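This report looks at selected local features of one protein model. The structure comes first, then the notes.

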Amino acid sequence: MFKQKTYIERRKILKEKVGSGIILLFGNDESPMNYTDNTYHFRQDSTFLYYFGISHPGLAAVIDIDNDREIIFGNDYTIDDIVWMGPQPTIAERSELCGVKNNKPLNKLSAFLQSAQKIHFLPLYRPENKIKLFNLLNINPTEIDKSFSVELVKAIVSQREIKTEEEIKEIEKAVDISVDMHVAAMKFARPGMNEAQLAAEIHKVALAAGGEIAFPIIATVNGQTLHNHYHGNTIKEGDLFLVDAGYETPLGYAGDLSSTFPVSKKFTPEQKEIYKITLDAHQAAIDALQIQQPFKNAHIAACKAIFDGMKSMGFTKGNTQDAVEAGAHALFFPCGTGHMMGLDVHDMEDLGEVWVGYNGQPKSTQFGLKSLRLAKPLETGHVVTIEPGIYFIPELIDLWRSQNKFSEFINWEKVDSYRNFGGIRNEEDFVMTQNGVELLGKPKPKTIEEVESIRNS
């Protein structure tokens, strides 16, 4: 945990932002894999962590703004629990660490809420918390999306999106270990291995550092599949290998990096050409990051760089501005350039992308652009990822070609000749400062020379 005063100050700011009523925040419960006592790795709800710092299951908290009091509800372990788990801090001891002096058993929460006139709660992503809300407030789970407190969501987003100095230091720890995870994969990979062996090597680095992976590891020869979690393929000479993996610190802060490297000791000439275009798009996006300017500018800059680069190789044609506005570039880049990062690898997206990334404004429905998670103006303290890529997706190629789509911008014969190329992505993490954009953590090897040097070591 951070120091006690951090959590006290965070809750004070939240109370000022919301103004009145009761704020109800649920922690997470254990999630059984296949029976009650066999659970997945426990991960506390990030908003609960932000305001209370307690990584312990089965808790709920209220912030009573009008009466200036805070209460954590939870049950202490019994002797039956202690036999299996050893001695554990009480709820009161855990509460004291974050500056909360009042705590009650969970069965007292319902009575406490009975007299409340105004209760603020968040959209919920865990089904057990939806059931709890139903039992407490008689709000049907299907109605939560219509009845959560937009006022609370906006207050939390405005607070959590601006990272403090202590948060930046914690994120940098996460990024540094994330770099080590990627370098380990680059050094370890050999033809004849399977993807699972590389995923295990990546995970080992995270566990040895005392934390966990921030999200399921992507380690694949099928880089054209954006979120490929299958690890059953054997890697071979000539393959490209894509890794998307990040470390989560014990405090819950994440790093998020992507790398692509050749299974052979060097890139092929074709791989090198397209890899270079992704680096150009990566730098174009970084150059477009400016305080008070929309993150969407960085995305458009990356899209244009990709279309121009592919034009130089004969894949595309026509006016770049027109092509990007029409969405033709999305054949190669069907996703967004980045997202916010912090306590969540996609920070606060459980609160709704429209609030986190768009300030309440509607998102585009255009293929490709609709996947951009962040578009709003950047502020000092925002932490973002930059991750443009180029992907040859056979199913998308076949569909659009059968529709004769964007034939004024796409050379379909050339594209089809690369249909089995795969995908390339590099990703880094940045913080916006008063002086501009700064890379978080130590640099990840990403140039052709750096990557080939590691592959030859």
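## Surroundings of S258

Leaving out residues up to four places away in sequence, S258 touches H182, V243, D244, R425, N426, E427 and K444. Contact here means heavy atoms within 4.5 Å. The side chains of S258 and R425 are joined by a polar contact of 3.1 Å. A polar contact is a pair of N or O atoms within 3.5 Å; within protein, one must be able to donate a hydrogen and the other to accept it, and residues adjacent in sequence count only if both atoms are side-chain atoms.

S258 lies in strand β12 (residues 257–262). S258 counts as buried because its relative accessibility is 0%. Buried means under 20% relative accessible area, exposed over 50%, partly exposed in between (1.4 Å probe, protein chains only).

## Basis of the model

The model is predicted: local features need pLDDT of at least 70, side-chain atom pairs count only at pLDDT 80 or more, and totals for chains, interfaces and linings use all residues. Residues are numbered from 1 along each chain as its sequence is written, and side-chain values use heavy atoms, without hydrogens and water.

## Helix α8

Helix α8 spans residues 150–160, and its buried residues are L152, V153, A155, I156, V157, Q159 and R160. They pack against α1 (4–18), β1 (22–26), α2 (46–52), β7 (119–120) and α14 (353–356). Helices (H or I, at least four residues) and strands (E, at least two) are DSSP runs, numbered from the N terminus.
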